[in-house]
Amino acid sequence: GWFASAPDRPNELREDAVMFAVFAYLLAAALLALVVGLVIGDQPGVRGSLVVNNGAHVAGVAACLAIARRRVPGGWRRLVLGGREGKPVRAWRLALGVLLLSLGLCPLVRDLAGHVLLWLRPGYQFPSHPTIEALHDPSVSWGVASALWLGALIVAPAAEEIFFRGFVQTFLLNVTGRRWAAIVMASTAFGLVHVRQPQAVAALFVLGVLLGYAYERTGSLLPPIAAHAMFNFKTLVWDALSR
């Protein structure tokens with residue numbers, strides 16, 4: 001079967017753990033937005049958004065790792081790294097396969113979704129990702145641009161995979177007892193949080209399914225994080241080359 005060799009992931013993650021992680025993220029975002037507005041004074045600007053977004057992601061990761069210390073046997077290391085019974089070489093081969101599939105499938109799904117949206121709403125202007133918009137701003141300094149790249153390649157992939165795969169998908173597996181059901185529901189949530197770009201929701205759902213499958217097969221978050229980071233890297237490089 002699809003998951004015949006999938007390792008077990010013993011845990012006690014329940015809905016309160018997921019909600020606490022969400023609360024930590026939202027609280028950090030609200031507090032950082034307040035501080036940025038008072039100190040930096042450009043909350044709507046690139047620097048303010050960078051501080052708020054990356055800070056909230058870091059706070060969410062910290063909350064997840066703190067919860068894992070109590071709810072996952074082996075603590076945060078077991079949550080992130082998986083058990084010792086895994087086979088690292090196969091895990092990274094799977095991560096590479098997931099990356100290649102995502103690079104081929106996701107653009108096709110995104111373009112198809114874009115055509116559907118244009119059919120439903122002729123003339124609709126597709127919004128860009130905030131990071132892409134910021135990188136297109138000629139007033140952005142080299143330091144801020146570097147921070148945007150680091151956020152897209154390190155902070156966001158780690159934070160999103162720890163939460164959506166490590167917490168949400170694991171919690172849903174505990175509830176449903178079905179790996180595919182957990183993968184599909186967690187991937188749906190992952191796609192919908194990017195609804196600011198409606199043309200990308202379906203493609204990110206596909207990406208989430210591929211990343212979720214890699215997590216179930218390996219029991220480690222490192223392959224999904226690496227594949228997610230390389231997916232973002234391709235997006236940024238493609239955009240840079242197109243300019």
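**Salt bridges and their surroundings**

Tutor: Asp-111 counts as partly exposed, at 39% relative accessibility, where buried means under 20% relative accessible area, exposed over 50%, and partly exposed in between (1.4 Å probe, protein chains only). The model is predicted, so local features need pLDDT of at least 70 and side-chain atom pairs count only at pLDDT 80 or more, while totals for chains, interfaces and linings use all residues. Residues are numbered from 1 along each chain as its sequence is written, and side-chain values use heavy atoms, with hydrogens and water left out.

The side chain of Asp-111 meets that of Arg-110 in a salt bridge, at 3.4 Å from N to O, the term meaning a side-chain nitrogen of Lys or Arg within 4 Å of a carboxyl oxygen of Asp or Glu; Arg-110 is itself partly exposed, with a relative accessible area of 37%.

The structure holds 6 salt bridges. One of them joins Arg-71 to Asp-16, with the closest N and O atoms 2.7 Å apart. Arg-71 lies in helix α2 (residues 46-71) and Asp-16 in helix α1 (residues 15-40), so this pair ties together parts that are 55 residues apart in sequence; helices here are DSSP runs (H or I, at least four residues), numbered from the N terminus. Arg-71 is buried, with a relative accessible area of 17%, whereas Asp-16 is partly exposed at 36%.

Glu-133 forms a salt bridge with Arg-196, their closest N and O atoms being 3.9 Å apart. Glu-133 is partly exposed, with a relative accessible area of 39%, and Arg-196 is exposed, at 54%. Finally, Arg-9, Arg-179 and Glu-216 are linked in a network of salt bridges.

How values were computed:
Helix = DSSP H or I, 4+ residues; strand = E, 2+ residues; numbered from the N terminus.
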